[in-house]
Amino acid sequence: MSGTVLELAEKALVALDSIGLASLYADDFAFEDTSAGIRITTKDALIAYFDRLFAWPDVRFSNVSFFTAGDRGAGQWTWEGKSQSGARFTIRGASLFRLKGATIAEEIVFYDPRPAYA
């Protein structure tokens, strides 16, 4: 694949590709889901996190737009799907990145999860 690491992350997120997404992280990365209070530092745990997220009914990510500024990056995304009760939800979120070469060294995600659990 060609493109910057965050362009590749956009594509993998939209494709719901947990393995491809995890491959973009540095060996010594940190991923933090602030809303869930989760901090992940191993690729196996990151793949499991994305696998659980991508398994929600009718899940999809759209409006994914990341940008790079030196060794930092940021972006927004929309997470849609059906809650466990079957109600449709749409959640807008944001990610902050710290980059290390052609990899993601850190990602912190911010969103309000309440609509997904309605």
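**Entry 1: salt bridges**

I began with aspartate 28, which forms a salt bridge with lysine 100; their closest N and O atoms are 3.0 Å apart. Aspartate 28 sits in strand β1 and lysine 100 in strand β5, so this pair ties together parts that are 72 residues apart in sequence. I note here that I am working on a predicted model.

I then looked up how open the two ends are. Aspartate 28 counts as exposed, at 52% relative accessibility. Lysine 100 is partly exposed, with a relative accessible area of 43%.

How many salt bridges does a search of the whole structure find? I got eight. Side chains of opposite charge can pair when their charged atoms come close.

Next I took lysine 43. Lysine 43 forms a salt bridge with aspartate 27, and the closest N and O atoms are 3.9 Å apart. The cut-off for a salt bridge is within 4 Å, so I keep this pair. Lysine 43 belongs to helix α3 and aspartate 27 to strand β1, 16 residues apart, and the pair links distant parts of the chain. Lysine 43 counts as partly exposed at 27% relative accessibility. Aspartate 27 is exposed, with a relative accessible area of 73%.

**Entry 2: aspartate 58**

I moved to aspartate 58, which forms a salt bridge with lysine 82. The closest N and O atoms of this pair are 3.4 Å apart. Aspartate 58 lies in the loop between α3 and β3 and lysine 82 in strand β4, so the bridge ties together parts that are 24 residues apart in sequence.

Which residues are linked with Asp58 in a network of salt bridges? I found Lys82 and Arg88.

I checked accessibility at both ends of the pair. Aspartate 58 is partly exposed, with a relative accessible area of 46%. Lysine 82 is also partly exposed, at 30% relative accessibility.

I looked at the backbone too. Aspartate 58 has a positive phi of about 55°, although it is not a glycine.

**Entry 3: asparagine 63**

I looked up phi for asparagine 63 as well. Its phi is near 50°, a positive value in a residue other than glycine. I placed asparagine 63 in strand β3. Is asparagine 63 buried or exposed? At 55% relative accessibility, asparagine 63 counts as exposed.

**Entry 4: aromatic pairs**

I counted aromatic pairs and got 16. I opened one of them, tryptophan 56 with tyrosine 117: the ring centres are 5.5 Å apart and the planes stand at 85°, so the pair is edge-to-face.

I compared the two accessibilities. Tryptophan 56 counts as buried at 12% relative accessibility, whereas tyrosine 117 counts as exposed at 60%.

**Entry 5: glutamate 106**

I picked glutamate 106, which lies in strand β6. Which residues does glutamate 106 touch, leaving out those up to four places away in sequence? My list is Ala30, Leu96, Phe97 and Arg98. I also took a C-alpha distance: glutamate 106 and threonine 68 are 38 residues apart along the chain, and their C-alpha atoms are separated by 13 Å.

**Entry 6: the largest pocket**

I turned to the largest pocket. It holds about 380 Å³ of space. I found 25 lining residues. Which of them lie nearest the centre of the pocket? They are Phe31, Asp33, Tyr49, Leu53 and Tyr111.

At least two lining residues each come from α1 (5-14), β1 (25-33), α3, β3, β4 (72-82), β5 (88-100) and β6. Which element supplies the largest share of the lining? I noted α3, with four residues.

Terms used: Residues are numbered from 1 along each chain as its sequence is written. This is a predicted model: local features need pLDDT of at least 70, side-chain atom pairs count only at pLDDT 80 or more; totals for chains, interfaces and linings use all residues. Side-chain values use heavy atoms; hydrogens and water are left out. Rings of Phe, Tyr and Trp (its six-membered ring) pair if their centres lie within 6.5 Å; planes under 30 degrees apart count as stacked, over 60 as edge-to-face and the rest as tilted. Buried means under 20% relative accessible area, exposed over 50%, partly exposed in between (1.4 Å probe, protein chains only). Contact means heavy atoms within 4.5 Å. On a 1 Å grid over the protein atoms alone, a cavity is a set of points where a 1.4 Å probe fits but cannot get out, and a pocket is an open set with protein on both sides within 12 Å along at least five of seven lines; lining residues have an atom within 4 Å of a point. Grid points are joined across faces, edges and corners, and a volume is the space filled by probe spheres set on the points. A salt bridge is a side-chain nitrogen of Lys or Arg within 4 Å of a carboxyl oxygen of Asp or Glu.
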